Amino acid sequence: MAYLDQTRLSKFLSLHLRHNPSGLGLTLEEGGWVGVEALLAGCATRGVHLTRAELEQLVAADAKQRYAFDPTGTRIRAQQGHSVPVALGLAPLVPPALLYHGTVAAALPAIQREGLQKMQRHHVHLSSDAETARRVGSRRGKPVLLTIDAARLHAAGGIFYQSGNGVWLTDHVPSAYVVLQREAPE
Ligand code: HQG
């Protein structure tokens, strides 16, 4: 039994299938797919108790056909609008010379050891401007700005993509290409 009306339920699904699958403990597979059972279980952990039949009804009734099941019916995805990168449709691009990544101090020792890892996402997310990176870092606490020598990493074979909403993406940034920006004392 769902406790949200159809519109709120659709927004809840969009949020997680397009932007924040990790909010339901999910990671999108190539193409943006997630298992239907995993999605229903993830929804339940957030208090959204939805049956498979109710999900099917929502998918069928959606005016913009925002969601689709795969031919086996075992997986579902948002048809478009992802801010998380899905494997389809991203062509490698030459990045700007410098890119930025916002993080927090607690992550620095690991980043210095192993570089920037994609963690739960499909790629490491980088910004072309420092302000955006700072804002991303501030989601987790006092932001620490890292500058990425993207030109040199690209020259060394690093592959970069840009998402539809302008985020630069790459698989891994070894620590040799990461420069810690010392903030001016306050
Ligand atoms: C850190 C939002 C330890 C990394 C925003 C970050 C963004 C490491 C966290 C988008 C590490 C991952 C992405 C390592 C990286 N050891 N920690 N080796 N390497 N980290 O959220 O870049 O809301 O997955 O610094 O707008 O913060 O999803 O990545 O703090 O564009 O639409 O591990 O998320 O967009 O966190 O944010 P995230 P992010 P959406």
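This is a predicted model: local features need pLDDT of at least 70, side-chain atom pairs count only at pLDDT 80 or more; totals for chains, interfaces and linings use all residues.

Biologist: How many bridges join E2 to E3, and which way do they run?
Modeller: Three bridges join them, and the two strands run antiparallel.

Biologist: What is the strand order in that open sheet?
Modeller: The order is E1-E3-E2, three strands with antiparallel pairing. Strand E1 (34-35) and strand E2 (67-69) are the edges, and each pairs on one side only.

Biologist: What holds strands of a sheet together in general?
Modeller: They pair through backbone hydrogen bonds, either parallel or antiparallel.

Biologist: New topic. How many residues are in the largest nonpolar core?
Modeller: It has 22 residues. Those with the most contacts inside it are Leu13, Val34, Leu39, Cys43, Leu55, Tyr67 and Ile76.

Biologist: Which elements each supply at least two residues of it?
Modeller: Helix H1 (6-19), helix H2 (36-45), helix H3 (52-61) and strand E3 (75-78) each do.

Biologist: Take isoleucine 76. What is it in contact with, leaving aside neighbours within four places in sequence?
Modeller: Its contacts are Gly32, Trp33, Val34, Val36, Leu39, Leu55, Val59, Tyr67, Ala68 and Phe69.

Biologist: Let's go to E4. Why is strand E4 described as largely enclosed?
Modeller: Six of its seven residues are buried, so the rest of the structure largely encloses E4.

Biologist: And how many bridges join strand E4 to E6?
Modeller: Seven bridges join strand E4 (residues 98-104) to E6, and they run antiparallel. Within that pairing, leucine 99 has isoleucine 148 of E6 as its bridge partner.

Biologist: Is E6 mostly covered or uncovered?
Modeller: Mostly covered: five of the seven residues in strand E6 (residues 143-149) are buried.

Biologist: How does E6 pair with strand E9?
Modeller: E6 and strand E9 (residues 178-180) pair in the antiparallel sense, over three bridges. Leucine 146 stands opposite leucine 180 in E9.

Biologist: Now the ligand. Which residues around it come nearest?
Modeller: There are 17 residues around the ligand, and His101, Thr103, Gly115, Arg121 and Arg140 come nearest.

Biologist: What does histidine 101 do there, in terms of distance?
Modeller: One of its polar side-chain atoms lies 2.6 Å from an oxygen atom of the ligand. Arginine 139 also has a polar side-chain atom placed 2.9 Å from a ligand oxygen atom.

Biologist: And what about glycine 115?
Modeller: There a backbone N or O atom lies 2.9 Å from a nitrogen atom of the ligand.

Biologist: How much of the ligand does the protein bury?
Modeller: Taken alone, the ligand exposes 790 Å², and the protein buries 79% of that.

Biologist: Last topic, the whole chain. How many helices and strands are there?
Modeller: The protein chain has six helices and nine strands. Of its 186 residues, 40% count as buried.

Biologist: What is the accessible surface of the protein chain?
Modeller: About 10200 Å², with 54% of it belonging to carbon and sulfur atoms.

Notes:
Residues are numbered from 1 along each chain as its sequence is written. Side-chain values use heavy atoms; hydrogens and water are left out. A nonpolar core is a set of buried Ala, Val, Leu, Ile, Met, Phe, Trp, Tyr and Cys residues joined through side-chain atoms within 4.5 Å. Buried means under 20% relative accessible area, exposed over 50%, partly exposed in between (1.4 Å probe, protein chains only). Helices (H or I, at least four residues) and strands (E, at least two) are DSSP runs, numbered from the N terminus. Contact means heavy atoms within 4.5 Å. Two strands pair if DSSP finds at least two bridges between them. A residue is near a molecule or strand if one of its heavy atoms lies within 4 Å of it. A polar contact is a pair of N or O atoms within 3.5 Å; within protein, one must be able to donate a hydrogen and the other to accept it, and residues adjacent in sequence count only if both atoms are side-chain atoms. Accessible areas come from the Shrake-Rupley method with a 1.4 Å probe; for residues, only the protein chains shown count as cover.
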